[in-house]
Amino acid sequence: MCLAVPGKITEITQTPIAKMGKVDFGGVTREVCLEAVPEAEIGSYVIVHAGFALNTLSEREAEETLEALRELGEIEGELLMDESSQG
Amino acid sequence: MKYLDEFRNADLVKIVLEKIHRTVKHPWVLMEICGGQTHSIMQNGIDQLLPSEIELVHGPGCPVCVTSLELVDKALAIASMPNVIMTSFGDMLRVPGSNRDLFSVRASGGQVKIVYSPLDAVKVAQANPDKEVVFFAVGFETTAPANIMSVVQAQALGLKNFSVLVSQVTVPPAMHAILGSPENRVQGFLAAGHVCAVMGYHEYLPIAEKYRIPIVVTGFEPLDILKGILMTVEQLEAGKFEVENAYGRVVSKEGNIPAQALIKKVYEDCDRNWRGIGMIPMSGWRLRPEYAEFDAEKRFSVENIKTKESDICIAGQVLQGMKKPPQCPAFGTLCTPENPLGATMVSSEGACAAYYRYARVEKE
């Protein structure tokens with residue numbers, strides 16, 4: 001139940017009660033409460049659980065993680081090459 | 001989908017797996033806290049790709065599994081009352097109470113509706129002003145803000161026919177309970193990423209320090225989980241016990257401050273009885289007295305509940321990482337997702353359901 005899915009904000013409405021909006025999850029759009037992500041704008045990615053945005057998703061962090069893993073791949077590849085040349 | 005597919009990339013998964021195989025030198029027992037992670041691990045076969053030195057045990061992070069039997073029975077009693085519409089997340093409907101479940105209440109004429117969001121339950125209340133609408137607000141920290149928004153909305157709309165049956169639990173006290181047990185086997189934790197999205201991870205620093213155990217905030221996609229495992233194993237092999245974050249795109253150390261403010265405004269700490277585990281002091285939240293009018297336990301008189309748990313089910317030991325589901329004599333025979341003896345066999349986050357669904361049976 002703690003599953004949460006990233007989606008892109010397509011619409012924001014400030015109701016008298018809360019900041020609400022529409023979020024697109026790869027083609028499926030749902031109404032989401034954006035009350036806890038005051039910084040989020042149209043086009044921002046948010047991580048949504050039970051109709052509530054838990055956080056904005058840091059696109060920079062996502063790219064950095066993937067880049068670090070690709071670099072790890074290069075290092076691991078070199079290590080394997082070294083081992084096979086020694087072996 | 002963006003920010004999901006990239007974290008399922010098979011080439012990157014292989015790279016991290018190789019690095020884990022290269023790093024591990026000793027046997028280690030790791031616990032993933034969250035049942036959503038358990039299912040991701042099973043679904044993607046991660047447990048079978050890891051070196052044999054790493055054993056994953058499955059934590060208590062399944063809200064419908066740990067909701068106390070007494071509260072389940074209360075929900076069943078309230079749902080059976082005339083003029084009540086009980087609303088709930090779908091997972092909760094087949095959770096066994098002492099002698100029935102919400103599905104059987106519905107089959108015998110009770111009104112039970114599945115909602116995707118607590119805010120949908122408020123809409124049900126608006127659309128049915130002549131009915132009492134109750135939302136069964138189960139959940140960990142992740143679900144607290146959404147559950148709370150239903151109360152905030154109902155209050156702002158002046159709804160008099162909406163209430164919540166609250167079963168909110170929190171992760172850190174459960175970690176203390178697991179680590180403090182003489183039967184504990186856990187040497188490293190993958191902390192639940194979406195709990196930390198709300199709460200941050202500063203709460204885990206004293207736990208890592210006290211029990212000298214590494215804790216790594218971990219996400220849910222295969223790459224996220226493997227990265228969490230790698231960082232935990234690197235710490236264990238180096239003799240470190242720090243709190244680290246392997247889910248930076250969603251989690252910050254301080255968490256979501258506006259969400260925490262909502263929680264503080266509406267909830268207060270309380271003791272909670274965890275199904276199968278027992279009472280854990282100050283391990284949950286309840287509505288503050290200012291919100292008592294929305295408390296279903298106060299609105300409906302359901303006292304004198306006598307609970308009766310299955311004699312065979314070992315869900316409590318499974319939830320604490322002491323036993324694996326196939327060690328239960330009823331697993332897959334007397335207890336199946338269609339006829340569950342315990343909640344861990346029903347929920348999409350329950351460890352027994354994961355083992356049943358992905359056919360994991362212990363090797364002899």
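**Exercise 1. Two loop residues**

Task: Find where N83(B) lies, and decide whether N83(B) is buried or exposed.

Solution: 
- Step 1. N83(B) is part of the loop that runs between α5 (69-79) and β3 (84-88) of chain B; helices (H or I, at least four residues) and strands (E, at least two) are DSSP runs, numbered from the N terminus.
- Step 2. The model is predicted, with local features needing pLDDT of at least 70 and side-chain atom pairs counting only at pLDDT 80 or more, while totals for chains, interfaces and linings use all residues. Residues are numbered from 1 along each chain as its sequence is written, and chains are lettered from A and ligands numbered from 1 in the order in which they are written.
- Step 3. N83(B) has a phi near 75°, a positive value in a residue other than glycine.
- Step 4. With 10 other C-beta atoms within 10 Å, N83(B) is exposed (exposed means 12 or fewer such atoms, buried 20 or more, partly exposed in between, with C-beta atoms placed from the backbone).
- Step 5. Now turn to R212(B), in the loop between α11 (205-211) and β8 of chain B. Its phi is near 50°, again positive in a residue other than glycine, and R212(B) is exposed, with 11 other C-beta atoms within 10 Å.

**Exercise 2. The parallel sheet**

Task: In what order do the five strands of the parallel open sheet of chain B follow one another, and which of them stand at the edges?

Solution: 
- Step 1. The order is β2-β1-β7-β8-β9 (chain B); strands pair if DSSP finds at least two bridges between them.
- Step 2. β2 (54-61) and β9 (243-245) of chain B each have a single partner strand, so one side of each lacks a neighbour in the sheet.
- Step 3. From one strand to the next, the twist averages 25° (axes are lines fitted to C-alpha atoms, for helices over the stretch in contact, with angles from 0 to 180 degrees between N-to-C directions).
- Step 4. Look at β8 (residues 215-218) of chain B, which three bridges join to β9(B). Here I215(B) is opposite V243(B).
- Step 5. Helix α12 (residues 222-238) of chain B lies across β1 (28-34), β2, β7 (188-192), β8 and β9 of chain B, at about 170° to β8(B).

**Exercise 3. A helix with two faces**

Task: Which residues of helix α13 (residues 257-266) of chain B are buried, and what covers them?

Solution: 
- Step 1. A259(B), L262(B), I263(B) and V266(B) are the buried residues.
- Step 2. Down the axis of α13(B) they fall within an arc of 95°, so they line one face of the helix; the arc is that of the directions from the helix axis to the C-beta atoms.
- Step 3. Turned away from that side are the exposed residues I257(B), A261(B), K264(B) and K265(B).
- Step 4. The cover includes β5 of chain A as well as α8 (144-156), α10 (193-199), β10 (267-274) and β11 (278-287) of chain B.

**Exercise 4. Where the chains meet**

Task: How many residues of chain A are in contact with chain B, and which element supplies the largest share of them?

Solution: 
- Step 1. 31 residues of chain A are in contact with 44 residues of chain B (C-beta atoms, placed from the backbone, within 7 Å).
- Step 2. On the chain A side, β4 (45-49), β5 (52-56) and α1 (59-86) each supply at least two residues. The largest share, eight residues, comes from α1(A).
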